[in-house]
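Here is a set of questions about labels and the values behind them.

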Amino acid sequence: MVHRELLGVPKDRDRFGWILLQVPGEPFCQLRTSSISEDYTGGGKYSKDGSPSFARLRFQKCK
């Protein structure tokens, strides 16, 4: 999702995703969300220094 200023100029963008993983030795899988935010640098380009963040949503069977 691209966020824009009042005049329509891009400000930054966010990307979201989901990850289903099982930690070795754990009986359940974890469903997590991930997101990354990148600042607009101009000329149709975005910074590449955005840090991803992860949040745990729930535990569930791995089948």
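Leaving out residues up to four places away in sequence, E38 touches D12, R13, R15, Y46, S47 and K48. The model is predicted.

Q: What makes the pairing of E38 and R13 a salt bridge?
A: The side chains of E38 and R13 meet at 2.7 Å, N to O. A salt bridge needs a side-chain nitrogen of Lys or Arg within 4 Å of a carboxyl oxygen of Asp or Glu. The value of 2.7 Å meets that cut-off, so the pair is called a salt bridge.

Q: How many salt bridges does a search of the whole structure find?
A: The search finds one salt bridge.

Q: Which parts does the pair of E38 and R13 tie together?
A: E38 lies in strand 3 and R13 in strand 2, so the pair links parts that are 25 residues apart in sequence.

Q: Why do the side chains of E38 and R13 also count as a polar contact?
A: The contact between them is 2.7 Å. The limit for such a pair of N or O atoms is 3.5 Å, so this contact falls within it.

Q: Why is E38 called buried?
A: E38 has a relative accessible area of 8%. Buried means under 20%, so E38 qualifies. R13 is buried too, as both E38 and R13 carry that label.

Q: What lies over the face of Y46?
A: R13 does, at 4.0 Å from the ring centre. The distance cut-off for a charge over a ring is 6 Å, so 4.0 Å is within it.

Q: Why is the pair of Y40 and Y46 called edge-to-face?
A: A search of the whole structure finds one aromatic pair. Y40 and Y46 form it, at 5.1 Å centre to centre and 70° between the planes. Ring centres must lie within 6.5 Å, and planes over 60 degrees apart count as edge-to-face. Both values pass, so the label holds.

Q: Are Y40 and Y46 buried or partly exposed, and how do you know?
A: Y46 has 15% relative accessibility, so it counts as buried. Y40 has 25%, so it counts as partly exposed. The cut-off for buried is under 20%.

Q: How do you know that D14 has no salt bridge?
A: D14 lies in strand 2 (residues 10–21). Its nearest side chain of opposite charge, R13, is 8.4 Å away. A salt bridge requires a distance within 4 Å, so D14 has none, although D14 is buried.

Q: What does the side chain of D14 make a polar contact with?
A: It makes one with the side chain of S37, at 3.0 Å. That is within the 3.5 Å limit. Not counting residues up to four places away in sequence, D14 touches M1, H3, I36 and S37.

Q: Why is C29 called buried?
A: C29 has a relative accessible area of 5%, so it falls under the 20% limit. C29 is found in strand 3 (residues 29–42). Beyond four places in sequence, C29 touches L20, L21, Q22, R58, F59, Q60 and C62. C29 and K63 are 34 residues apart in sequence, and 9.0 Å apart in space, C-alpha to C-alpha.

Q: What makes L31 count as buried?
A: L31 has 15% relative accessibility, so it is under the 20% cut-off. L31 lies in strand 3. Its contacts beyond four places in sequence include W18, I19, A55 and L57.

Q: Why is K45 called exposed?
A: K45 has a relative accessible area of 57%. K45 is found in strand 4 (residues 45–46).

Notes: Residues numbered from 1 in each chain as written. Predicted model: local features only at pLDDT ≥ 70, side-chain atom pairs only at ≥ 80, totals over all residues. Heavy atoms only, no water. Phe/Tyr/Trp six-rings, centres within 6.5 Å; stacked < 30°, edge-to-face > 60°. Buried < 20%, exposed > 50% of the residue type's maximum accessible area, 1.4 Å probe, protein only. Lys NZ or Arg CZ within 6 Å of the ring centre and 35° of its normal. Helix = DSSP H or I, 4+ residues; strand = E, 2+ residues; numbered from the N terminus. Lys, Arg positive; Asp, Glu negative; His and termini not counted. Polar contact = N/O pair within 3.5 Å; in protein donor to acceptor, adjacent residues only side chain to side chain. Contact = heavy atoms within 4.5 Å.
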